[in-house]
Amino acid sequence: MTEDAAQPAVTSRSVAKGLGTTVLARLGAVVEIVAQPLYVLMFGLAGYGLYAVLWATINLIENIFDLGMTSAMQRTVPQSASDAEAAAALRTAMLFGVGPCLIVAALIAFFAADLAPFLNVADRDRPLVVPAIQIFVWALPLWAFVEVATSAMRARMVFGAEIRLRIVWEQIMRLVFAGAFFAGGLGLKGLFIAHLCSLAITAALCVRLLTRYYDFTLLWRGGRGSAIERDTFWAGLSILPSNVIARLFGDAPALILNLLLPGAAGASASALFTIARKLSSVVQLVRIAFVYVMAPLAASAEREDRAQVADIYAYATRLISAIALPLAAVLAAGSASLLSLFGAQAHIAQGAVIILLFARALEAVLGISMPVLQVVAAFRHQLTAAIFGVIVAVGAGWLIVGRMDELTGVTLAMSIGLVVMAGIPMAQLAMSEKLHPFDHQFPLVALRGLMITLAAGALALLVSRLPDPVALPLIIVIAVGAIWSSLRFALPEADRASLGKTGRKLRLV
């Protein structure tokens, strides 16, 4: 941490270096996917549905009451001129990001008995709802703290620091605690306690990591409304609506399904949507990894040279296209075999899984424009996509739901709005900032990638006809092979070379 250090040029190599460690950090999502069948096996589909609804609710509330502070730091910390300014931004984010969540958690715990009747659950789980709310609601401030802390590390362009937190403590330890509490006879209540335990350990370890990248002696000074503190606060509020709406697309469908269908059917539908969303999150992982890297890098590049922003924007779009599209096609073709891991009832969700996989792939290709827009454009531009996305999703839901089963209808409506919301920032950047990612290299990358995607999808579809124990490993092999082929044969040599040692080890160059 040095004062006024000269900033090196931001290039495609900068994106690739940050991307590798960030993908590792986000592998916690893959661990979570592996854990889902075990949770369903231990606690039943309806019981897991109650857990899914409550966790979706906490995620939504956290995204509202953190006041956008996680995204704000991606804009202000990379542009800070000193360690004191970075510490001031972190202090502001902690105060306004975690404080309101503490207050809301206390209110929800107090009114738990009044809120419980709104949830549809299986009859056997009804007595658990009030104590589950009173216990699990304290995940809200813990989760807010973890989100702000890990965002603060990414804002310092330290992309790999959360690997151990996300994979070991947040996900693996949650599964270990859940299994231990289940074996101890706590039942579904043990899953809520396990989640709290893993979050508490993660939050404690975040503090130690933060001391490496922020000067805590400066953290306790100031607080008198300096320019960086005001900028962080207002940046968070400006980004907040789009953040909340983006989260709505991920978590609101589980709540809507729970409200639409009575009793155990509502809980099971929420569980099935959550399963579909978790499977599609393999593709979403690609976008999230790039977003985490692009936001601080684009902010740093914008500070030095707008041309650097254009270069990394085009590079990221090519790389995402080469990964996300073949991955989505293979997983969609093999979705029946993947859902067999969750039991016979899970096959109802196949339509939702296929829809979400392709929607997440399109969102990944188009949606990399959002972090660029957040750091190079005026704040007012960031609301347009969110508002239009919600309007389209609601309109599509009004037309679709009722003409097909609730799970597929709600998923399709959400997916249409999601893709619209991802595409609008790309159009905004092209019109208002004269930035777009489709340079002379993109058409050939897209054509070659599409051919590989179609071939891999067809092969996975044939393999899915085999017995599930045989098909599952083959589908994974096909997915890995499709991504490698797309990277090797679709990307230009310079893009492959930017992957450095990893690219050489994988024989991409």
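At 42% relative accessibility, Pro473 counts as partly exposed, a class lying between buried (under 20% relative accessible area) and exposed (over 50%), computed with a 1.4 Å probe on protein chains only. Pro473 sits in helix H20 (residues 468-490). Its C-alpha lies 9.9 Å from that of Ser337, although 136 residues separate Pro473 and Ser337 in sequence. The model is predicted, so local features need pLDDT of at least 70 and side-chain atom pairs count only at pLDDT 80 or more, while totals for chains, interfaces and linings use all residues. Residues are numbered from 1 along each chain as its sequence is written, and side-chain values use heavy atoms, with hydrogens and water left out.

The chain contains 22 helices and 0 strands. Helices (H or I, at least four residues) and strands (E, at least two) are DSSP runs, numbered from the N terminus. Of the 509 residues in the chain, 58% are buried. Contact means heavy atoms within 4.5 Å. Among contacts in the chain with a separation of 6 or more, 83% involve residues 24 or more positions apart.

Helix H3 (residues 69-76) packs on helix H4 (residues 83-110) at an angle of about 170°, with the axes 9 Å apart. Axes are lines fitted to C-alpha atoms, for helices over the stretch in contact, and angles run from 0 to 180 degrees between N-to-C directions. H3 and H4 are therefore roughly antiparallel. The crossing of H3 past H4 is right-handed, meaning that the near helix is turned clockwise from the far one by less than a right angle, and left-handed would be anticlockwise. H3 contributes Met69, Met73 and Thr76 to the contact, and H4 contributes Ala89, Leu90, Thr92, Ala93, Phe96 and Gly97. By class, the contact of H3 with H4 has 6 nonpolar, 3 polar and no charged residues. Here Ala, Val, Leu, Ile, Met, Phe, Trp, Tyr, Cys and Pro are nonpolar, Asp, Glu, Lys and Arg are charged, and the others, Gly among them, are polar.

H4 also packs on helix H7 (residues 139-155). The axes of H4 and H7 come within 8 Å and cross at roughly 165°. H4 is therefore roughly antiparallel to H7. H4 passes H7 in a right-handed crossing. On the H4 side, Leu90, Ala93, Met94, Gly97, Val98, Cys101, Leu102, Val104 and Ala105 take part. They meet Leu140, Pro141, Ala144, Phe145, Val148, Ala149 and Ala152 of H7. The contact of H4 with H7 holds 15 nonpolar, 1 polar and no charged residues.

H3 meets helix H11 (residues 227-260) at about 125°, with the axes 7 Å apart. H3 is therefore oblique to H11. The crossing of H3 and H11 is right-handed. Met69, Ser71, Ala72 and Thr76 of H3 touch Ile228, Asp231, Thr232, Phe233, Ala235, Gly236, Ile239 and Asn243 of H11. This contact divides into 6 nonpolar, 5 polar and 1 charged residues.

Ser280 belongs to helix H12 (residues 263-304). Ser280 is buried, at a relative accessible area of 0%. Beyond its neighbours within four places in sequence, Ser280 is in contact with Leu356, Leu357 and Arg360. Helix H15 (residues 350-367) has 18 residues. Buried residues of H15 include Leu356, Leu357 and Arg360. H15 reaches 25 Å from its first C-alpha to its last, close to the expected 26 Å. The expected span is 1.5 Å times one less than the number of residues.

Key. Angles under 35 degrees count as roughly parallel, over 145 as roughly antiparallel, 65 to 115 as roughly perpendicular and the rest as oblique.
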